[in-house]
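I opened a new page for this protein today. These are my notes, in the order in which I looked things up.

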Amino acid sequence: MPQDNRSQVRQVLLITLFLNLVVMGLKAVVGVMTGSLSLQADALHSVTDSANNVLGLVASHFSSPIPDRHHPYGHQKYEGIAALGIAAFLVIACFEIIQGAVEKIWHGGDPVKISGGQLWILLIVLGINIFVAFYERRVGLAVNSPILIADAYHTMSDIWVTIMVLAGLIGIWQSENLNLPQLQQLDVILAFPVAILVFTSGWEVVRSNLPWLVDEMAVPPETIYDIVMAVPGVVNCHDIASRGVVGRQVFIEMHLIVEADDVETAHKITETVEMLLEERFDPVRVIIHVEPPSYQSPEISFGPDIHLKK
């Protein structure tokens with residue numbers, strides 16, 4: 001049975017929500033004061049960070065791994081759905097950034113003006129983002145939380161965005177001393193790679209959660225077959241299927257042919273099979289349909305055939 005780590009997830013989300021609100025406010029204030037399009041876009045990116053934390057808190061409330069009458073397989077897919085919500089926020093932020101950059105290219109705008117003090121504020125913002133990303137990822141991996149891991153990817157993209165924007169603003173700051181007005185274009189130019197980084201983070205979140213949501217095969221049937229066939233008393237196993245994500249939660253089912261003359265012996269054999277599968281793929285739930293020695297089937301799954309054990 002998987003552990004219910006929702007209290008830890010909620011604690012992390014509440015801490016990061018507070019920090020993301022601080023980051024968003026600082027970016028927005030400095031962005032408006034300086035007139036920087038790239039920084040305002042970065043602040044928009046940080047808005048999605050806070051929204052994602054709220055979304056994660058809601059998902060965590062409903063995503064108990066403990067089965068109940070109406071959800072006999074648990075509720076963990078709620079976290080996967082929430083992670084896709086994060087991806088949607090990232091895509092929206094990406095298009096908002098591109099739209100703002102294109103409008104500034106076509107219609108122009110006021111020059112960006114930034115001071116050394118404002119640059120120091122952005123360095124503090126960068127430090128907060130780095131702390132949030134590594135904190136969320138460390139706890140997310142420790143408790144196998146897809147919502148924390150997905151949000152950590154999002155925050156990592158925010159770090160690279162902030163570094164890029166900060167580099168451009170430093171160039172603009174120096175342009176006033178070097179009398180290089182063309183460096184003002186850095187603000188618009190950097191908006192496009194920012195959008196690419198945001199989109200890449202969204203795709204990574206989708207890629208890591210789709211297998212869980214669409215019930216993709218979790219463990220190759222050949223791997224399960226080899227483990228099961230090593231158990232004394234097993235004649236053959238077939239119609240092997242698995243779904244879930246290894247390390248998060250796996251469901252395995254199979255038909256098992258056993259050499260047993262009574263139910264008690266057959267039960268002991270299946271318990272050994274379940275124990276070995278739990279040791280290898282925990283947390284895992286195994287469903288076994290036992291068949292008599294006279295039953296024959298050459299198939300181990302819904303895919304390729306494997307011959308009966310001699």
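**Entry 1: contacts overall.** I began with how the chain meets itself. Among contacts with a separation of 6 or more, 74% are between residues 24 or more positions apart. By contact I mean heavy atoms within 4.5 Å.

**Entry 2: what I am reading.** I remind myself that this is a predicted model, where local features need pLDDT of at least 70 and side-chain atom pairs count only at pLDDT 80 or more, while totals for chains, interfaces and linings use all residues. Residues are numbered from 1 along each chain as its sequence is written, and side-chain values use heavy atoms, with hydrogens and water left out. The pLDDT is the predictor's confidence in each residue, from 0 to 100. I find an average of 79 for the protein, with 84% of the residues scoring at least 70. Over residues 303-310 the value is below 50, and this stretch has 17 contacts in the model beyond near neighbours in sequence.

**Entry 3: the parts list.** I noted nine helices and three strands. Both are DSSP runs numbered from the N terminus: helices are H or I with at least four residues, strands are E with at least two. Along the sequence I read the pattern α-α-α-α-α-α-α-α-β-β-α-β.

**Entry 4: surface and inside.** The accessible surface comes to about 15,600 Å², and 64% of it belongs to carbon and sulfur atoms. Such areas come from the Shrake-Rupley method with a 1.4 Å probe; for residues, only the protein chains shown count as cover. Of the 310 residues, 47% count as buried. Buried means under 20% relative accessible area, exposed means over 50%, and partly exposed lies in between (1.4 Å probe, protein chains only).

**Entry 5: the cores.** Next I looked up the nonpolar cores, which are sets of buried Ala, Val, Leu, Ile, Met, Phe, Trp, Tyr and Cys residues joined through side-chain atoms within 4.5 Å. Which residues touch the most other members of the largest core? They are Ile97, Leu122, Leu148, Leu169, Val194 and Val198, out of 44 residues in that core. Two or more residues each come from H1, helix H2 (37-62), helix H3 (77-107), helix H4 (116-143), helix H5 (146-178) and helix H7 (191-213). H5 gives the largest share, ten residues. A second, separate core has 25 residues, including Val219, Val234, Ile240 and Phe281.

I then followed Leu148. Apart from neighbours within four places in sequence, Leu148 is in contact with Val9, Val12, Leu13, Glu136, Val139, Gly140 and Val143.

**Entry 6: a lysine inside.** Is Lys27 buried or exposed? Lys27 is buried, with a relative accessible area of 0%. Lys27 sits in helix H1 (residues 6-34). Not counting residues up to four places away, Lys27 touches Leu39, Asp42, Ala43, Ser46, Val125, Asn129, Asp158 and Thr162.

**Entry 7: the strands.** Two strands pair if DSSP finds at least two bridges between them. Strand S1 (residues 234-245) and S2 pair in the antiparallel sense over nine bridges, and Ser242 stands opposite Ile252 in S2. S1 and S2 form a hairpin with three residues between them, where Gly247 in the turn has a positive phi of about 95°.

Strand S2 (residues 249-258) and strand S3 (residues 284-291) pair in the parallel sense over eight bridges. His255 stands opposite His289 in S3. The chain gets from S2 to S3 through helix H9 (residues 263-281), and this β-α-β crossover is right-handed. That term applies if, with the strands pointing away from the viewer, the path from the first strand over the helix to the second runs clockwise.

**Entry 8: along H9.** Thr270 is found in H9. Thr270 is buried at 8% relative accessible area and, leaving aside neighbours within four places, is in contact with Leu256, Ile288 and Val290.

**Entry 9: backbone details.** A cis peptide bond joins Asp282 and Pro283, with omega about 0°. Pro283 lies in the loop between H9 and S3. Asp215 has a positive phi of about 55° although it is not a glycine; I found Asp215 in the loop between H7 and helix H8 (221-229).
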